[in-house]
Amino acid sequence: MAKKQFKTESKRLLEMMINSIYTHREVFLRELISNASDAIDKLYYKSLTDTALDFDKESYFIKVTADKENRILKITDTGIGMTKEEMESNLGTIAKSGSLAFKSENELKDGHDIIGQFGVGFYAAFMVADVVTVISKTLGSEEAYKWESKGAEGYTIVPCEKESVGTEIILSIKENSEDESYDEYLEEYRLKSIIKKYSDFIRYPIKMDISGQRPKEDSENEYVEYVEEQIINSMVPIWRKNKSELTTEDYENFYNEKHYGFDKPLKHIHISVDGTIRYNSILYIPEKTPFDFYSKEYEKGLELYSNGVLIMSKCADLLPDYFSFVKGMVDSEDLSLNISREMLQHDRQLKLIAKNINKKIKSELQSLLKNEREKYEEFYKSFGRQLKFGVYNDFGSNKEVLQDLIMFYSSKEKKLVTLDEYVSRMPEDQKYIYYASGESNERIDKLPQTELVADKGYEILYFTDEVDEFAIKMLMTYKEKEFKSVSSGDLGFEADEKDNTEDDSENKELFEYMKEVLSDKVKAVKVSKRLKSHPVCLSTEGEVSIEMEKILAAMPDNQNIKADKVLEINTNHEVFQALKDAFATDKQKVDLYTKLLYNQALLIEGLPIQDPVEFTNDICKVMV
Ligand code: ADP
Ligand code: MG
């Protein structure tokens with residue numbers, strides 16, 4: 001019988017699974033039971049929507065059987081089963097379970113971490129077993145098949161006998177090694193507690209044969225052994241339980257069981273509504289940004305259940321884009337099982353639920369911000385960008401919802417602050433909310449343009465995300481205060497007059513000459529009212545800022561949109577005296593100085609210099 005090879009990725013994962021020193025091996029059972037439950041769900045769903053099928057409720061169950069002597073653990077289900085082809089494609093490849101695809105190379109090297117936190121579906125069986133056998137018969141088929149594998153080297157599939165539809169997973173539990181014990185996975189009490197811990201809410205009964213002793217009739221001190229089939233799980237789905245009965249650990253277990261994320265949730269939200277609409281929902285705000293979150297591949301959505309039966313695994317209509325990071329599920333009795341994707345979009349109930357959920361997420365985030373600031377900042381670092389996109393998108397129609405959830409780094413506080421915090425401590429004479437844009441906080445700290453505003457004692461918000469300026473343009477005002485870039489032509493206050501002895505008219509000729517040298521690179525050359533210690537900077541006139549110019553230039557459909565730049569000269573700087581002297585005696589020198597100053601200003605802004613070779617040659621000219 002020919003042995004088949006696993007796909008490369010699967011093989012790697014398997015090897016990791018087999019070899020990892022791993023403390024949470026117990027989750028293998030969670031994974032196998034969860035698969036069994038999924039398989040029964042599929043059959044159950046069929047029976048509800050296909051009238052030709054008729055099953056009674058009793059016939060749906062999962063059974064866990066331990067045979068200590070032969071070191072065999074069996075997980076049996078009465079689910080939909082697998083065809084030979086399905087065994088081939090579902091058990092021979094890991095891509096389906098999705099876990100591995102989401103991990104970076106680095107994270108994969110540290111294999112036991114992924115397995116530890118999230119489990120990797122069916123392959124988890126190899127953490128405790130050296131041989132895994134799957135016997136399955138699918139609905140509507142006469143034949144059954146046996147899949148078997150001893151691990152990474154491959155697997156076999158052969159026809160076999162099986163009476164009823166469903167699947168049997170047979171694990172040959174590993175022998176104990178010097179530092180690892182596997183015996184526990186054959187112990188009733190241990191298996192029982194693992195099932196309780198991870199699979200309590202599974203909707204179908206999980207049965208075990210539990211042995212016990214009872215006193216022999218007519219005898220005081222003699223006992224007889226007996227075996228009794230028990231249902232181990234409570235079968236109440238976690239979302240139907242009372243919040244007060246549940247611990248944070250329960251919610252975290254559910255998050256992992258469902259593979260909602262590879263992290264721990266930062267916060268869970270449990271909603272039970274029993275009014276004109278009825279639904280239960282458990283939502284999570286993840287801790288870390290999924291690696292594909294800001295890419296096109298990322299799909300938002302919540303699991304949607306109709307009265308306990310999963311009808312859609314990613315219902316996008318339940319979440320607005322700006323909350324696309326939220327994970328979780330919704331169960332409603334008011335939704336039809338047969339509802340199609342198209343119908344769902346127009347479903348009134350679903351719209352109401354979505355609206356409700358949206359409100360709830362917003363208020364939970366607000367309370368997180370208010371009461372657990374550190375956690376909120378952690379959240380904001382992962383998903384703040386998405387909120388700012390939310391302000392910008394849809395022509396700003398959601399800005400009311402979001403403006404109090406966004407934050408920016410502050411020059412004064414040296415940490416993230418909200419717009420409300422900023423505005424509430426503005427001095428009375430301050431008219432605008434000031435911001436400065438740049439690549440990083442460190443770079444903005446050093447921007448010459450910030451000098452005057454900072455000197456006035458005004459707080460400056462640092463915009464380091466591409467979306468920031470665009471979002472603020474959409475917001476326009478916050479609490480009636482307009483936003484103003486520290487690089488804009490008019491800062492909205494008068495600089496101290498005595499500092500600026502020179503004005504434009506006095507140096508009109510020089511500036512006009514400099515403007516000619518630079519031709520259309522700048523709109524004008526002017527006396528700077530904002531510079532204190534730096535000789536030169538760029539400011540802008542009009543709507544397009546320098547940061548926006550950079551962002552637009554990086555876009556694929558770059559339309560070569562440029563900011564209207566003004567070269568500002570600090571007339572109190574020594575360099576200016578040199579310029580003036582040169583203007584009186586040596587025009588060529590003015591040309592040289594002008595180009596140098598302009599290129600310096602570009603460098604400070606993080607803009608490219610058109611001709612770097614010429615620039616360095618110019619510097620050499622000054623040096624010799
Ligand atoms: P996932 O559950 O995330 O799809 P798994 O690795 O746990 O990934 O399982 C892979 C696939 O194998 C399942 O999607 C399912 O199609 C099939 N499968 C696993 N166990 C069973 C089972 N007990 N009954 C029917 N199909 C199963
Ligand atoms: Mg699974």
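Reader: In what order do the six strands of the open sheet come?
Author: The order is S15-S14-S17-S16-S19-S18, with mixed pairing. Keep in mind that this is a predicted model.

Reader: Which strands are at the edges?
Author: Strand S15 (416–418) and strand S18 (477–478), each of which pairs on one side only.

Reader: And how do S14 and S15 pair, parallel or antiparallel?
Author: Antiparallel, over three bridges, with S14 covering residues 407–410. Within that pairing, tyrosine 409 has leucine 416 in S15 as its bridge partner.

Reader: OK, switching to S7. Which way does S1 run relative to S7?
Author: S1 (residues 62–67) and S7 (residues 206–215) run parallel, joined by three bridges. Lysine 63 has its bridge partner in S7, namely lysine 207.

Reader: How many bridges join S7 to S8?
Author: Nine, and there the two strands run antiparallel; S8 spans residues 223–231. Arginine 214 is bridged to valine 224 in S8.

Reader: What holds paired strands together in general?
Author: Backbone hydrogen bonds, whether the strands are parallel or antiparallel.

Reader: New topic: the surface. Which residues make the nonpolar patch of about 370 Å²?
Author: Ile619, Met623 and Val624. Methionine 623 belongs to helix H20, residues 612–623.

Reader: Why does methionine 623 count as exposed?
Author: Because its relative accessibility is 67%, and the cut-off for exposed is over 50%.

Notes
Residues numbered from 1 in each chain as written. Chains lettered and ligands numbered in written order. Predicted model: local features only at pLDDT ≥ 70, side-chain atom pairs only at ≥ 80, totals over all residues. Heavy atoms only, no water. Pairing = 2+ DSSP bridges. Helix = DSSP H or I, 4+ residues; strand = E, 2+ residues; numbered from the N terminus. Patch = residues over 30% accessible without salt bridge, like charges linked within 9 Å, V, L, I, M, F, W, Y side chains within 5 Å. Areas by Shrake-Rupley, 256 points an atom, 1.4 Å probe, with all protein chains shown as cover. Salt bridge = Lys/Arg side-chain N within 4 Å of Asp/Glu carboxyl O. Buried < 20%, exposed > 50% of the residue type's maximum accessible area, 1.4 Å probe, protein only.
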